[in-house]
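Hi everyone, thanks for having me.

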Amino acid sequence: MGVPVAEMDGYTRTKKSLFNGIVAVAVQVVSIVIGFFSRKLFLDYLGTEVLGLNTTAASLLNFLNLAELGISSAITVTLYKPLYSGDRESVRQIAAIHGWMYRRVALFIIGASIVLLPFLPLIFGRMELPMWYAYASFLVLLFSALLGYFVNYKQAVLTADQKDYKVQTSYRLIMVVKVLAQMAGVRYFDNPYVWWLAFEAVFAIIASIVLNVTIYREYPYLRERCVVDKPLRTRYNDVMVKTGQLFVHRGAHFIQLFLVAGLGQFRADANILAGCVIIQIAGTIFADNGHQTDLIFGIRDHSQIHGSVIDVEQ
């Protein structure tokens with residue numbers, strides 16, 4: 001007697017999830033081991049001030065990346081059904097919408113960065129390093145981050161198809177090699193931070209190329225150009241709905257953490273809670289058929305790949 005299709009499908013998905021987990025843990029172990037040595041070496045050859053500068057620049061970009069809230073997760077969820085049913089045209093269209101939305105987020109980040117650049121001397125005014133360190137750090141990390149919006153966004157298809165291990169082996173292992181190259185550049189060459197920045201940019205490009213080659217090899221139909229016009233956006237309006245719900249939910253969570261941190265204590269008073277509740281209630285504006293709770297709370301984060309701080313925690 002044959003095994004039911006549903007049971008076989010569940011078994012296959014379980015195997016994929018298990019394999020993804022094993023590969024992710026293996027890559028993370030390698031990253032931790034290398035990070036143990038890279039932290040010490042970067043501290044010895046770059047100094048605490050450069051490390052602090054780099055971390056601050058990365059934090060500024062992370063703040064700007066809040067504009068992405070919800071898009072990647074909403075797209076990943078929307079891709080589940082067409083991938084399961086083998087609907088390549090829908091997958092291609094959803095990936096195109098993803099790119100369309102991400103390009104607009106990227107333009108916002110570029111605009112916000114241009115506004116922020118004149119204020120870098122105020123932010124880093126007390127550091128003893130030349131000011132070009134701040135500009136170079138911010139711009140290189142910005143470049144790496146923008147690759148995630150303009151180039152790497154299609155990795156959401158791999159994630160939705162439970163093939164995240166391909167992301168781990170094609171992108172994150174290259175990031176590990178990048179850290180090894182940065183360690184060598186910092187240790188053996190003059191102007192160590194220049195080499196660190198150069199390897200950051202170069203390996204971001206290499207990793208993006210390898211990742212996209214992997215994606216197109218797995219899904220060659222994604223190479224075909226898809227025009228994102230108004231009818232197509234209307235057809236996938238649920239993506240916009242889910243994105244709005246996730247944006248509101250995560251925005252409320254961020255505001256809550258920000259306000260609690262600003263108060264300097266680990267408790268939220270009635271005003272904070274009330275404000276977050278109001279924002280959560282606003283999420284019902286994006287509700288669809290009364291399922292806002294599942295859409296807001298039932299989606300795991302699949303963030304796009306962006307730049308890194310001086311570490312190997314990719």
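So, find Thr 78, which sits in helix H2, residues 71–85. Keep in mind that this is a predicted model. Is Thr 78 buried or exposed? Its relative accessible area is 9%, and the cut-off for buried is under 20%, so Thr 78 counts as buried.

If we skip the neighbours within four places in sequence, Thr 78 is in contact with Ile 94, Asp 238, Val 239 and Lys 242.

In soluble globular proteins, nonpolar side chains tend to be buried together. Here the largest nonpolar core has 73 residues, and the ones touching the most other members are Phe 42, Leu 79, Leu 83, Val 157, Tyr 219 and Leu 222. Several helices supply at least two residues each, among them H1 (5–64), H2, H7 (164–188) and H8 (192–218). Which helix gives the most? That's H3, with 13 residues.

Leaving out residues up to four places away in sequence, Tyr 219 touches Leu 83, Val 157, Leu 158, Asp 161 and Lys 163.

Next up, the aromatics. How many aromatic pairs does the structure hold? There are 10. Take Tyr 133 and Tyr 193: their rings are 5.4 Å apart, centre to centre, with 15° between the planes, and the pair is stacked. This pair links distant parts of the chain, as Tyr 133 is in helix H5 and Tyr 193 is in helix H8, 60 residues apart.

And are these two tyrosines buried or exposed? Tyr 133 has a relative accessible area of 17%, so Tyr 133 makes the buried group. Tyr 193 is at 2%, so Tyr 193 counts as buried too. Together with Trp 132 and Trp 196, Tyr 133 and Tyr 193 form one aromatic cluster.

Last, let's zoom out. The chain has 12 helices and zero strands. Of its 314 residues, 46% count as buried. Among contacts between residues at least 6 apart in sequence, 84% join residues at least 24 apart.

Definitions and conventions. Residues numbered from 1 in each chain as written. Predicted model: local features only at pLDDT ≥ 70, side-chain atom pairs only at ≥ 80, totals over all residues. Heavy atoms only, no water. Helix = DSSP H or I, 4+ residues; strand = E, 2+ residues; numbered from the N terminus. Buried < 20%, exposed > 50% of the residue type's maximum accessible area, 1.4 Å probe, protein only. Contact = heavy atoms within 4.5 Å. Core = buried A, V, L, I, M, F, W, Y, C linked by side-chain atoms within 4.5 Å. Phe/Tyr/Trp six-rings, centres within 6.5 Å; stacked < 30°, edge-to-face > 60°.
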